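Please read them with the structure open beside you.

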Amino acid sequence: MRALILILLSAFALPALAAIDTYEFTDDAARERFQELTAELRCPKCQNQNLADSNSPIAQDLRREVYRMVEAGDSDQTIVDFMVARYGEFVLYRPRLTGYTWILWYGPFVLLGLGVIVVLILGRRKKLSKAGAQAFDADNSAPNTTAVTDHNARLGALLKSTDNSDHAGKQSDQPVNKETP
């Protein structure tokens, strides 16, 4: 039982033995710059972690490189440019505005504008069709009885002419069986 407890305690204690990067800075301004840069730069290996949060070996190497460059007195822009030149725009959480990244910056606003336009067009169509239907109902509220009677008479004549043409080839003295096999 003691061996099991000892194994469990040592398993939980292993993360405490992990290497923690400790850097000695010449002043507090350099420490703040280092922290800002490592928080702003993304780990090339990890999906969504910055250099400060990642424990991957490449993140440790890049933290060392950022520390070296901060201590050497390089500007923030020089450090960022070095990382972008080495790993591409992926290392930036906020990509620069270029011809390739304009869709990342302005695409959501364009899509939102298109959505508003579509909603307005559909709303206007619905409003116009509703107004047209009301106008149609108002025009047809008292139908013209002579037009309806005339239409029914033409329809009846048309039906009689088709019935006569079907029976024209048959003898008139025999009854017409509509259920012919």
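The points below take up the helix packing, the nonpolar core and the aromatic rings of this predicted model.

1. Two packed helices are described by the angle between their axes and the distance between the axes. Helix α3, which covers residues 57–72, packs against helix α4, residues 76–87, at an angle of about 145°, and their axes are 10 Å apart; the crossing of these two helices is right-handed. On the α3 side the contact is made by Ile-58, Leu-62, Glu-65, Val-66, Met-69 and Val-70, which meet Thr-78, Ile-79, Phe-82, Met-83, Arg-86 and Tyr-87 of α4. By residue class, this contact divides into 9 nonpolar, 1 polar and 2 charged residues.

2. Glu-65, in helix α3, deserves a look of its own, because its relative accessibility of 17% falls under the 20% cut-off and Glu-65 therefore counts as buried. Leaving aside residues up to four places away in sequence, Glu-65 touches Phe-82 and Met-83.

3. For α2 and α3 the packing angle is about 145°, with the axes 10 Å apart, and α2 passes α3 in a right-handed crossing. Here Ala-30, Arg-33, Phe-34, Leu-37 and Thr-38 of α2 come together with Arg-63, Val-66, Tyr-67, Val-70 and Glu-71 of α3, a contact whose residues divide into 6 nonpolar, 1 polar and 3 charged.

4. Leu-41 can be followed in detail: not counting residues up to four places away in sequence, Leu-41 touches Asn-50, Leu-51, Val-66, Val-80, Met-83, Val-91, Leu-92 and Tyr-93.

5. How many aromatic pairs does the structure hold? There are 3 aromatic pairs, and in one of them the rings of Phe-25 and Phe-34 have their centres 5.3 Å apart and their planes at 50°, so this pair is tilted. Both Phe-25 and Phe-34 are buried. The rings of Phe-34 and Tyr-67, by contrast, have their planes at 90° and their centres 6.5 Å apart, so that pair is edge-to-face. Because Phe-34 lies in helix α2 and Tyr-67 in helix α3, the latter pair ties together parts that are 33 residues apart in sequence.

6. Finally, ring pairs link Phe-25, Phe-34 and Tyr-67 into a cluster; within this cluster, Phe-34 has a relative accessible area of 8% and is therefore buried.

Note on methods:
Residues are numbered from 1 along each chain as its sequence is written. This is a predicted model: local features need pLDDT of at least 70, side-chain atom pairs count only at pLDDT 80 or more; totals for chains, interfaces and linings use all residues. Side-chain values use heavy atoms; hydrogens and water are left out. Axes are lines fitted to C-alpha atoms, for helices over the stretch in contact, and angles run from 0 to 180 degrees between N-to-C directions. Helices (H or I, at least four residues) and strands (E, at least two) are DSSP runs, numbered from the N terminus. A crossing is left-handed if the near helix is turned anticlockwise from the far one by less than a right angle, and right-handed if clockwise. Contact means heavy atoms within 4.5 Å. Ala, Val, Leu, Ile, Met, Phe, Trp, Tyr, Cys and Pro count as nonpolar, Asp, Glu, Lys and Arg as charged, and the others, Gly among them, as polar. Buried means under 20% relative accessible area, exposed over 50%, partly exposed in between (1.4 Å probe, protein chains only). Rings of Phe, Tyr and Trp (its six-membered ring) pair if their centres lie within 6.5 Å; planes under 30 degrees apart count as stacked, over 60 as edge-to-face and the rest as tilted.
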